[in-house]
Amino acid sequence: MTATDFNMLIAGHSEFLRPFAISLTHNPEDAKDLFQETMMRALINREKYQFGTNLKAWLYTIMRNIFINNYRRNKKFSKVESTTPTDVFMYNANRVAVNEGWSHMRMQEIKTAVNNLPQVFRLSFELHYTGYKYQEIADLLQEPLGTIKSRIHFARKMLVAQLER
C-alpha cells in the first residue's frame, strides 16, 4: 500500500475519532489537539499498520494511548489547592523576603557534582536532562538503547550519592 493510498484510507475513516476525542477529554479544544496528534501518529507509523486489519480499532487504540499518556503526564503536575483564605496572602504580600542564596549554593553544588561524573555517564545524563529522549541519545551517540538507559540510571545514582554527603 502506498503512502497516498494509506492517507486516503485514514482520511476516510477519521471522522469517527472526533466524538471519541470529545468523550475522552470533555473539552473541544483538547479534543482537537488529541485528534491531530492521533492522525499525526497514525501517518508517521503507517508501516506498523497491517493492511486488511481493523483500521478503526487501530486508530482508536492510538488515540486512547495518547490520551492515557497525556493524562499520566499531567497528573504528575497537578495543581495543589490551598485551604488558606485568600485575604491572608493579601496582607502578607509586602512582607515576603526572597533569599536566593541557599538555592544558588545548592545549584552550584549540583553543577559540580554533574561535572564530577565520569565523561561516559555525564554526556548521556546531560543530554537526557536537556530534553533528549532515550532513543535520540542512543542514535546520537551510536550506542544501544539499553546502554544509554543504564548510563543515565547510574549517573543519577552517583549524583544522589554525591549530594547526600
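Select Asn54 and Lys56: Asn54 caps the N-terminal end of α4, with a side-chain oxygen 3.1 Å from the backbone nitrogen of Lys56. That is a polar contact (a pair of N or O atoms within 3.5 Å; within protein, one must be able to donate a hydrogen and the other to accept it, and residues adjacent in sequence count only if both atoms are side-chain atoms). The model on screen is predicted, with local features requiring pLDDT of at least 70 and side-chain atom pairs pLDDT 80 or more, while totals for chains, interfaces and linings use all residues. Residues are numbered from 1 along each chain as its sequence is written, and side-chain values use heavy atoms, with hydrogens and water left out.

**Whole chain**

Zoom out and colour by secondary structure. The protein has nine helices and zero strands. Helices here are DSSP runs of H or I with at least four residues, strands are runs of E with at least two, and numbering starts from the N terminus.

Next, show the surface. Of the 165 residues, 21% are buried. Buried means under 20% relative accessible area, exposed means over 50%, and partly exposed lies in between (1.4 Å probe, protein chains only).

Contacts mean heavy atoms within 4.5 Å. Among contacts between residues at least 6 apart in sequence, 59% join residues at least 24 apart.

**Helix α4**

Select residues 55-76, which form α4. At 1.5 Å a residue, the 22 residues of α4 should span 32 Å, and its end C-alpha atoms are 32 Å apart, which agrees. The expected span is 1.5 Å times one less than the number of residues.

Show side chains for Leu55, Trp58, Leu59, Ile62, Met63 and Ile66, the buried residues of α4. Looking down the axis of α4, these buried residues fall within an arc of 130°, so they line one face of the helix. The arc is taken over the directions from the helix axis to the C-beta atoms. An α-helix has 3.6 residues a turn, so residues three or four places apart point the same way.

Which helices do the buried residues of α4 pack against? They pack against α1, α2 and α3. Turn to the face of α4 directed away from its buried side to find the exposed residues Arg72, Lys75 and Lys76.

**Helix α3**

Move to residues 28-44, helix α3. At the start of α3, a side-chain oxygen of Asn27 comes to within 2.9 Å of the backbone nitrogen of Glu29. The 17 residues of α3 reach 24 Å from first C-alpha to last, close to the 24 Å expected at 1.5 Å a residue.

Select Ala31, Leu34, Phe35, Thr38, Met39 and Ala42, which are buried in α3. Down the axis of α3, its buried residues fall within an arc of 130°, so they line one face of the helix. This buried set packs against α1, α2 and α4. Gln36 and Ile44 are exposed on the face of α3 turned away from its buried side.

Centre on Phe35. At 9% relative accessibility, Phe35 counts as buried. Leaving aside neighbours within four places in sequence, Phe35 is in contact with Ser14, Leu17, Arg18 and Met63. Phe35 and Leu59 are 24 residues apart in sequence and 10.0 Å apart in space, C-alpha to C-alpha.

**The cores**

A nonpolar core is a set of buried Ala, Val, Leu, Ile, Met, Phe, Trp, Tyr and Cys residues joined through side-chain atoms within 4.5 Å. In the largest one, of 17 residues, select Ile10, Leu17, Ala42, Leu55, Trp58, Leu59 and Met63, which touch the most other members. α1 (3-12), α2 (17-25), α3 and α4 each supply at least two residues of this core, and α4 gives the most, with six.

Centre on Leu59, which touches Ile10, His13, Phe16, Leu17, Thr38 and Ala42, not counting residues up to four places away in sequence. Apart from this core lies another, of seven residues, among them Val114, Phe125, Ala155 and Leu159.

**Two last stops**

Select Arg151 in helix α9 (residues 145-164). Is Arg151 buried or exposed? At 16% relative accessibility, Arg151 counts as buried. Arg151 touches Val120, Phe121, Ser124 and Glu143, again not counting residues up to four places away in sequence.

Finish at Leu140 in helix α8 (residues 134-141). Leu140 is exposed, with a relative accessible area of 52%. Leu140 and Leu127 are 13 residues apart in sequence and 9.8 Å apart in space, C-alpha to C-alpha.
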